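Here is a short briefing on one protein chain.

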Amino acid sequence: MGVSEEVRAVEQQIDQKIEGLRYWQAPRSRLLRAVLEYYRDAIEAVYMKIGWARETGQPDVVQSAVAVEVHLHLGVLQSLKWAGTLCPESGGDIAALPNDEALYALVEQGHFYINFVDALKMAKHDLVTICLDQASGAVEVYEGGNVTGFDSTIIQHQHATNPFHIHSVLTHDTDQLTSDWNAADFRRVARKIVEAAEKAKTETVVSTLWGKTDLFKRPVVFEVPEPETQADAAVLEDLSFPSPKLAGKAIWNWTAWMDTPLVSINGKRYGVSSFVKTALGLASDSAMLRLAARVDPTQYSRVSQLREDRMIDRCLGVLKEAGWTAVPKFRLKNPDSEIDVFAEKDNEKIFVELKSTLRPESPWEAYKRNQEIIKGDRSGSSFPQTSASRSWLRFDRWLPR
């Protein structure tokens, strides 16, 4: 069905209305800083809610607070995009800066705008249906079939696990992920930034509900250390917005704030301590791969085979230790096909296919990831059946081939 002309007209009206907002007359540096400060205040409120929920034993409230955090990330991402591309680089009207209430509305608009853009992308490929209610003027998006009570269990599990799921990426320090920096360069810079973020936090929020309990260090907007080497400067440039690599249509490939968590303001780079610690600490390797794939896909593809070979070696070691005879890159005939690992033991056979994808951060990315996994499952059905029992295993990892 795609996207109708009516919906495209609505999209154009929305873009025109957003571009006409008075906020974009403000100095770019001041508005970028204001968005970071807004996030700092908002995420502190989220942490307060999580702390209260944990102390009072309310896990559902913790999950809802995490959902608010994701909501904030999307809204801030789009707000930064707007401010970085629509505000004047120099000059501007300070009186046009939004107050706290207007900043809240701006981030809310950013969140809904990203959802709308994602829906348009999915509809373009006939994955959702978008309808316009002429009476109310509402845009309605229909996705999938009816939801039943059984689906709630899956949704609750995803809410509880997805934000905290960390993946092993098997990337060595010597891997030249881009023409300007390797994995060691990125990890070194990430450590320095995380250390600076930790030092910048000096105040602790304390609960007195059941005595005296330290809940969390108050997040702050902090200045990132200056680069010490050319490689450091290259990493910092790719981690920062605005930048030449995020100009024009390229900005639409920036789909996750964690990929580029720093903001350049008047020649300095800034970040929010709590967010930077997550993006360049807990999720550092995932962010590193996503960033490299976006800024230098040609060089990135050259080293992808290294990680695939390491995963195959890992599988071979596990299988051989368990007593299996394992062969990598095994060729099958009638029909011709290659599988990553073939293993035999007694009267059993195992076919292993490795699916390598980046961690998805948008509906379209998740769809492409799922299609790759489905493709792998279907290819397993083409393998010839034998009299012996046959097993089909799939190892999923967040690495692009």
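The points below go from the whole chain to single residues.

This is a predicted model. The protein chain has eleven helices and twelve strands. Of its 401 residues, 44% are buried.

**Overall fold**
- Take the contacts in the protein chain between residues at least 6 apart in sequence: 68% of them join residues at least 24 apart.

**The second largest pocket**
- The second largest pocket holds about 380 Å³ of space.
- Its lining has 13 residues, and those closest to the centre are Ile14, Gln109, Phe112, Tyr113 and Phe116.
- Helix 1 (5–19), helix 4 (100–124) and strand 2 (139–142) each give two or more residues to this lining.
- Helix 4 gives the most, with six residues.
- By class, the lining of the second largest pocket has ten nonpolar residues, two polar and one charged.

- Gln78 belongs to helix 3 (residues 59–86).
- Its relative accessible area is 2%, under the 20% cut-off, so Gln78 counts as buried.
- Leaving out residues up to four places away in sequence, Gln78 touches Gly110, Tyr113 and Ile114.
- Tyr113 is also among the residues closest to the centre of the second largest pocket.
- Gln78 and Ile114 are 36 residues apart along the chain, yet their C-alpha atoms are separated by 7.0 Å.

**Helix 6**
- Helix 6 covers residues 183–200, which makes 18 residues.
- From first C-alpha to last, helix 6 reaches 26 Å, close to the 26 Å expected at 1.5 Å a residue.
- Asn182 caps the N-terminal end of helix 6, with a side-chain oxygen 3.1 Å from the backbone nitrogen of Ala184.
- The buried residues of helix 6 are Ala183, Asp185, Phe186, Arg187, Val189, Ala190, Ile193, Val194, Ala196 and Ala197.
- An α-helix has 3.6 residues a turn, so residues three or four places apart point the same way.
- Cover for the buried residues of helix 6 includes strand 5 (221–223), helix 7 (230–238) and strand 7 (262–265), along with helix 8 (273–282) and helix 9 (284–295).

**Arg269**
- Which element holds Arg269? Arg269 sits in strand 8 (residues 268–272).
- Arg269 has a relative accessible area of 16%, below the 20% limit, and therefore counts as buried.
- The side chains of Arg269 and Ser240 are joined by a polar contact of 3.0 Å.
- Beyond residues up to four places away in sequence, Arg269 touches Phe222, Glu223, Val224, Pro227, Leu236, Glu237, Ser240, Leu262, Val263 and Ser264.

**Backbone points to check**
- The peptide bond from Phe241 to Pro242 is cis, with omega near -5 degrees.
- Pro242 lies in the loop between strand 6 (240–241) and strand 7.
- Asp126 has phi near 60 degrees, a positive value in a residue other than glycine.
- The loop between helix 4 and strand 1 (129–132) holds Asp126.
- Lys329 also has a positive phi in a residue other than glycine, near 50 degrees.
- Lys329 is placed in strand 9 (residues 325–332).
- Is Lys329 buried, partly exposed or exposed? Its relative accessibility is 34%, between the 20% and 50% limits, so Lys329 counts as partly exposed.

Methods:
Residues are numbered from 1 along each chain as its sequence is written. This is a predicted model: local features need pLDDT of at least 70, side-chain atom pairs count only at pLDDT 80 or more; totals for chains, interfaces and linings use all residues. Side-chain values use heavy atoms; hydrogens and water are left out. On a 1 Å grid over the protein atoms alone, a cavity is a set of points where a 1.4 Å probe fits but cannot get out, and a pocket is an open set with protein on both sides within 12 Å along at least five of seven lines; lining residues have an atom within 4 Å of a point. Grid points are joined across faces, edges and corners, and a volume is the space filled by probe spheres set on the points. Helices (H or I, at least four residues) and strands (E, at least two) are DSSP runs, numbered from the N terminus. Ala, Val, Leu, Ile, Met, Phe, Trp, Tyr, Cys and Pro count as nonpolar, Asp, Glu, Lys and Arg as charged, and the others, Gly among them, as polar. The expected span of a helix is 1.5 Å times one less than its number of residues. Buried means under 20% relative accessible area, exposed over 50%, partly exposed in between (1.4 Å probe, protein chains only). Contact means heavy atoms within 4.5 Å. A polar contact is a pair of N or O atoms within 3.5 Å; within protein, one must be able to donate a hydrogen and the other to accept it, and residues adjacent in sequence count only if both atoms are side-chain atoms.
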